[in-house]
Amino acid sequence: MNESLLSYREALRLIEDHLTPLPIRRINWRCSIGAALAEDVAAIENLPPFTNTSMDGYAVRSEDVQGASENRPVRLHVAEAIFAGDSPSRQTLQPGWAAKIMTGAPLPQGADAVIMVEYTKTHNDSVDIFSSAQPGENLRPEGEEIRRGDVLLPLGIAVGPVERGLLAQQGIREVSVRQPPRAALLATGDELVEPESEIVPGQIRNVNAYTLAAELERLRCPVADLGIGRDDPGALRDLIRRGVEEADLLIASGGVSAGERDFLPGLLRDMGMRTIFHKASVKPGKPILFGLLDERPIFGLPGNVVSVIASFHLFVKPSIKLMMGRKDWRNTTMFARMGQLVHNPGSRTHFMRCRLSHMPSGAPIAYPTGKQESGMLTSLLGADGFAVIPGDVDTVEEFTEVEFIPLRDDR
Ligand code: AMP
Ligand code: MG
């Protein structure tokens, strides 16, 4: 049969067109890791908040130390010592005077430069300065990094360590965000038992619920595990209902292909789901199903253990980020050279599991991780991502450049 299937790009476009962003909530900054900002966050203070020194040394008036050198030091009176944490000195530094000062301490009035301690020699209540200074030298001026009212963090980025650090630095207590969606997981199949179970021939252990839950944890999505659904429309219907009630999106695995007990596409349609697409021209993961039931996104991922992980990365992860209003929802891509000759028979885009290495020049090079069967989870062991072999390319010669989608982009 010669079907014309939706391309990966077209499928992503359909997802983008049909997902609605989650509601916005105001939350405490401490709990913001993993959430996406739903507003531009403006700085509420100048940074640095006051002009301070970036070096231990002596605060001076630069005109006083003009021409100072190793051989011709300038001697200044020492007024006081200022430490980090001291409030700004009330004394104005007078001509001919210096103040001892430590990194992070506020610069006294009148001073306009700091001489590093290495270029000074202290006497009882005076100091020899062995170097001249430009106005502003070794200073961190107020507002140098950011000014009150400037955009500190833009809308649509996820809060990570740096972003939370900036919120802490500014004393910003609340932010408007979209939090990671709650995901309901449903593993379907009469052959499935839970991992702790002994198995009899014919049975296998549920893997997908556990790989998916781990992927979701990385994105900080709360998970509602619906357990194992038998290949029975009545039982599946109840679980799907529960999933849609309890979660923002439902991810099912298994039962979306053309087998006689692959009930999900028909059942979901009967339950009122709007099918947005079923099947895409991708390998692995061709039978993927995406639709909306009560405006909740539903993903039916093909049950093979590799297909599940691949389709999670290719379709579900970008969808979760889109629901959060993240501007960086698309998977990161890079280029790599193929480490060996590979073939892509058939017409689907092959997302080939590969390990990345580096050529002597430092350029990335991708080596397939052995057998590429979509039922072999070991083919993902040690894989750094997917080399993308387009459907209309039959043979990729060694060292040919291909697109590469890393499995971890840490965002
Ligand atoms: P299906 O998509 O239901 O036709 O399943 C395809 C293959 O994946 C079959 O060999 C199933 O036994 C297997 N499979 C389905 N669900 C799971 C699961 N949760 N864990 C491990 N393997 C599964
Ligand atoms: Mg099945």
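In which crossing, right-handed or left-handed, does helix 3 pass helix 6?

**View 1. Helix 3 passes helix 6 in a right-handed crossing.** The model is predicted: local features need pLDDT of at least 70, side-chain atom pairs count only at pLDDT 80 or more, and totals for chains, interfaces and linings use all residues. Residues are numbered from 1 along each chain as its sequence is written, chains are lettered from A and ligands numbered from 1 in the order written, and side-chain values use heavy atoms, without hydrogens and water.

**View 2. Helix 3 (residues 208–218) packs with helix 6 (residues 305–323) at about 30°.** Their axes lie 10 Å apart. Helix 3 is therefore roughly parallel to helix 6 (angles under 35 degrees). Axes are lines fitted to C-alpha atoms over the stretch in contact, and angles run from 0 to 180 degrees between N-to-C directions. Helices are DSSP runs of H or I, at least four residues, and strands are runs of E, at least two, numbered from the N terminus.

**View 3. Residues of both helices make the contact.** Helix 3 brings Asn208, Thr211, Leu212, Glu215 and Leu216. Helix 6 brings Val305, Val308, Ile309, Phe312, His313 and Ile320. Contact means heavy atoms within 4.5 Å.

**View 4. An open, mixed sheet has 6 strands in the order 8-5-7-6-10-9.** Strands 8 (113–116) and 9 (120–122) each have a single partner, so one side of each lacks a neighbour in the sheet. Pairing takes at least two DSSP bridges.

**View 5. Strand 5 (residues 57–60) runs antiparallel to strand 8.** 4 bridges join them. Tyr58 has Ile115 of strand 8 as its bridge partner.

Terms used: Angles under 35 degrees count as roughly parallel, over 145 as roughly antiparallel, 65 to 115 as roughly perpendicular and the rest as oblique. A crossing is left-handed if the near helix is turned anticlockwise from the far one by less than a right angle, and right-handed if clockwise.
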